[in-house]
Amino acid sequence: PGPDNGRLFYRSTDWLAEDFMEANDVQHEANWLRAEVGRHVFHPMADPKDTVANPPPIVMRGDGVHVTDLDGRRMLDCQGGLWCVNAGYGREEIIEAISRQARELPYYTMFPGSANAPAVQLAAKLCELTASEGMGRVLYGSGGSDATETAFKIARQYWKLAGQPERLKYLSLRGGYHGLHFGGMSACGGDAWRRNYEPLVPGFINVESPNLYRPPFEGVSPDQLGEMCARLLEREILFQGPDTIAALIAEPVQGAGGVNVPPANYWPRLREICDRYGILLIADEVITGLGRSGELFGVRNWGVTPDIMCLAKGITSGYIPLGATLISERMAAAWEAPGPTSVVMHGYTYSGHPVACAAGLAAIDITLREKLHENARVVGDYFLARLKTLMDRHEVIGDVRGKGLMIAVELVKNRATREAFAPTDSYPGRVSDACLDKGVMLRTIVNKFIISPPLIFTKSHADEVVAVLDQALATTGR
């Protein structure tokens, strides 16, 4: 060969060598990640020993409603990240808003003496969207746990300003989840979230919840159950003393507790009882806010106006951590009183973070423009109906329930008795793994599959999930 051909040949082999080295580097990094996934990180809600023994998939990329893991598996994300990637992955509007704001002003505090434009703009937008609920003020945090913690503190301060400083207690529902700061955890209605960190904050009282699949009373209709639980709530208020109770907190639809949709009469009764005894009503909209339940805000499913609303997750579509606590204009009037007790002695370094608020503005714009809450309602109704057809084929399915694109499929050992699988039983996890192998990522909580995909999900996506779950149940032995 002539000299030119020789150069081309050697150049080609150089490229081959570079490609080979790059491939080796990628493989080395992949192996390192697999080895390290449980070594240095304590994963939330997981036993560290299990994470080491059974490393979870390492998600590397997301596009639309799909995620791709380290092994190249492309999967439908039926978790929506964690109830939060409402607009789907790869939304350039949100990415550009984050990038633009990071270049202009990556951070500035909202503490006294300064502010930043995105935080002011987002607060105005949130109050505009919740005008029918009467919201008028916003306090920011970095997530849902911050939002509920803020709600508890603001409620106590409100009653001090209102001249009723003995209103210190909080009511919450069994099965409810309100985050894992000490206040939110103390309000949680499940032993698993609380026991390892007791003693809890005093003054938090759990009351019975109208769980339609596992009701506290058998042989009653949904409306009767809602009424009975409302009466038990009222009895507890009278026992505690109405003038000692600051607020009641509840999710419009319980999320982590198992996607428990309340009877239609329950939330109106909550509002009625809170009004009767002068108790503030806090709507924990961390999951339901911004469209997931099929309405822009979950309380609108029941036609109820709360006093405080807690938002996170969908507020930025999960692209940047952000939480917001919305306070009604009626409550905000109490801060017009003079004196040091009117100072809001609460906040975080990242309250009103400008990049997060810019992401929030972009994410909300997508939600409204594409009417994601309406899509969640339409596709959610279809999805729910399709999943219920599996009950005819698989006795192991005890219940399918949900609202919008928040759905639970509950597995049972015995449908007649509703006997649940124990946390140590491997069967639900093996079904979930079989779905993962077929390209569907579900979230498994003991014996329940939680389905909370991006709100851009389509009916064809729902059909794909149903087909995969059907096959997984048919082929996974108990």
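**Note on the predicted model: sheets, cores and selected residues**

1. Three bridges join strand E2 (residues 66–69) to strand E3 (residues 74–77), and the two strands run antiparallel. Within this pairing, His 66 has Leu 76 of E3 as its bridge partner. Helices (H or I, at least four residues) and strands (E, at least two) are DSSP runs, numbered from the N terminus. Two strands pair if DSSP finds at least two bridges between them.

2. On the source: this is a predicted model, in which local features need pLDDT of at least 70 and side-chain atom pairs count only at pLDDT 80 or more, while totals for chains, interfaces and linings use all residues. Residues are numbered from 1 along each chain as its sequence is written, and side-chain values use heavy atoms, with hydrogens and water left out.

3. E2 and E3 belong to an open sheet of four strands in the order E1-E2-E3-E14, with mixed pairing. Its edge strands are E1 (59–63) and E14 (440–441), each of which pairs on one side only. Helix H15 lies across E2, E3 and E14 and runs at about 110° to E3. Axes are lines fitted to C-alpha atoms, for helices over the stretch in contact, and angles run from 0 to 180 degrees between N-to-C directions.

4. Asp 470 is a residue of H15 (residues 459–475). Asp 470 counts as buried because its relative accessibility is 17%; buried means under 20% relative accessible area, exposed over 50%, and partly exposed in between (1.4 Å probe, protein chains only). Not counting residues up to four places away in sequence, Asp 470 touches Leu 390, Arg 393 and His 394, where contact means heavy atoms within 4.5 Å. With Arg 393 there is also a polar contact, side chain to side chain, at 3.0 Å. A polar contact is a pair of N or O atoms within 3.5 Å; within protein, one must be able to donate a hydrogen and the other to accept it, and residues adjacent in sequence count only if both atoms are side-chain atoms.

5. Strands E9 (residues 308–311) and E10 (residues 323–328) run antiparallel and are joined by four bridges. Met 309 stands opposite Leu 326 in E10.

6. Which residues have the most contacts inside the largest nonpolar core? They are Leu 126, Tyr 140, Leu 248 and Trp 267, in a core of 53 residues. Another core, of 45 residues, lies apart from it and includes Ala 97, Leu 384, Val 466 and Ala 472. A nonpolar core is a set of buried Ala, Val, Leu, Ile, Met, Phe, Trp, Tyr and Cys residues joined through side-chain atoms within 4.5 Å.

7. Leu 126 touches Val 138, Leu 311, Ile 315, Ala 324, Leu 326 and Ile 364, not counting residues up to four places away in sequence. Leu 126 and Ile 364 also take part in the contact between helices H5 and H12. H5 (residues 117–129) and H12 (residues 354–369) pack at an angle of about 35°, with their axes 8 Å apart. Their crossing is left-handed, that is, the near helix is turned anticlockwise from the far one by less than a right angle.

8. Asn 260 sits in the loop between strand E7 (245–250) and helix H10 (266–277). Is Asn 260 buried or exposed? Asn 260 counts as buried, at 8% relative accessibility. The side chain of Asn 260 makes a polar contact with that of Gln 254 (2.9 Å), and a polar atom of the Asn 260 side chain lies 3.3 Å from the backbone oxygen of Gly 257.

9. Val 344, in the loop between helix H11 (329–332) and H12, counts as partly exposed at 36% relative accessibility. Val 344 and Leu 139 are 205 residues apart in sequence, yet 9.6 Å apart in space, C-alpha to C-alpha. Leaving aside neighbours within four places in sequence, Val 344 is in contact with Leu 139, Ile 154, Gln 157 and Trp 335.
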